[in-house]
Amino acid sequence: MHNRKHQISTSAAQQDSLNASSVEVQRPDPEVVPSAKRRAFSKAEKLRILAAADACVAPGDIGALLRREGIYSSHLATWRKQRQLADEAGALERKRGPKVDPAATEARRVRELEKEVERLRAKLAKADLIIDVQKKLSTLLGLSTGDTPSEP
């Protein structure tokens, strides 16, 4: 019985050393799998696919087109609605960001013009003051000005 325990403990020790060496050999793959990205269709692609879908007449043609392009029928429905609602030039690709408000643009332009008018009025007042000072100085010094007739 003693021998048998010794054999069991020896075989267990050998298995532990084998397991330790096998753990060191098997390492996980460090490569990172890229995440999937959503496809974006340009206006030209949408129009091309819609034209191809409109040209389908035989049964099963649209299904073959959808499989070939890798799209769903809901894409066609959405694109058709977009095409129907607005011009082909601007409806299929909407620009992001806030929309331009014509009233706000006009109000900003009016404020800019009013500021410019105030600036020019202040400049004119300074110029008038300088001209008046020059006239008074020329009369004090006895110089002739273009406004008054020269004395003989």
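1. Helices here are DSSP runs of at least four residues, and they are numbered from the N terminus. On that basis, the elements of this predicted model run α-α-α-α-α from the N terminus on. The secondary structure amounts to five helices and zero strands.

2. Confidence should be read before anything else. The mean pLDDT of the protein is 80, and 72% of the residues reach at least 70. Among the elements, helix α1, residues 2–25, has the lowest mean pLDDT, at 54. The highest mean, 95, belongs to helix α5, residues 102–141.

3. A UniProt annotation concerns residues 103–130. The unreviewed entry labels this span "coiled-coil region". In the model the span is 100% helix and 0% strand. Its end C-alpha atoms are 41 Å apart.

4. The protein has 152 residues, of which 9% count as buried. Of the contacts with a separation of 6 or more, 52% are between residues 24 or more positions apart.

5. Is E69 buried or exposed? E69 counts as buried because its relative accessibility is 17%, and the cut-off for buried is under 20%. This residue belongs to helix α3, which covers residues 61–69. Once neighbours within four places in sequence are set aside, E69 is in contact with R39, R48 and I49.

6. The largest pocket holds about 230 Å³ of space. Which residues line the largest pocket? The lining consists of R38, R39, F41, K46, G70, Y72, H75 and W79. By class, the lining has three nonpolar, two polar and three charged residues.

Terms used:
Residues are numbered from 1 along each chain as its sequence is written. This is a predicted model: local features need pLDDT of at least 70, side-chain atom pairs count only at pLDDT 80 or more; totals for chains, interfaces and linings use all residues. Side-chain values use heavy atoms; hydrogens and water are left out. UniProt positions are given in the numbering used here, feature names are shortened, and annotations may be inferred rather than shown by experiment. Helices (H or I, at least four residues) and strands (E, at least two) are DSSP runs, numbered from the N terminus. Buried means under 20% relative accessible area, exposed over 50%, partly exposed in between (1.4 Å probe, protein chains only). Contact means heavy atoms within 4.5 Å. pLDDT is the predictor's confidence in each residue, from 0 to 100. On a 1 Å grid over the protein atoms alone, a cavity is a set of points where a 1.4 Å probe fits but cannot get out, and a pocket is an open set with protein on both sides within 12 Å along at least five of seven lines; lining residues have an atom within 4 Å of a point. Grid points are joined across faces, edges and corners, and a volume is the space filled by probe spheres set on the points. Ala, Val, Leu, Ile, Met, Phe, Trp, Tyr, Cys and Pro count as nonpolar, Asp, Glu, Lys and Arg as charged, and the others, Gly among them, as polar.
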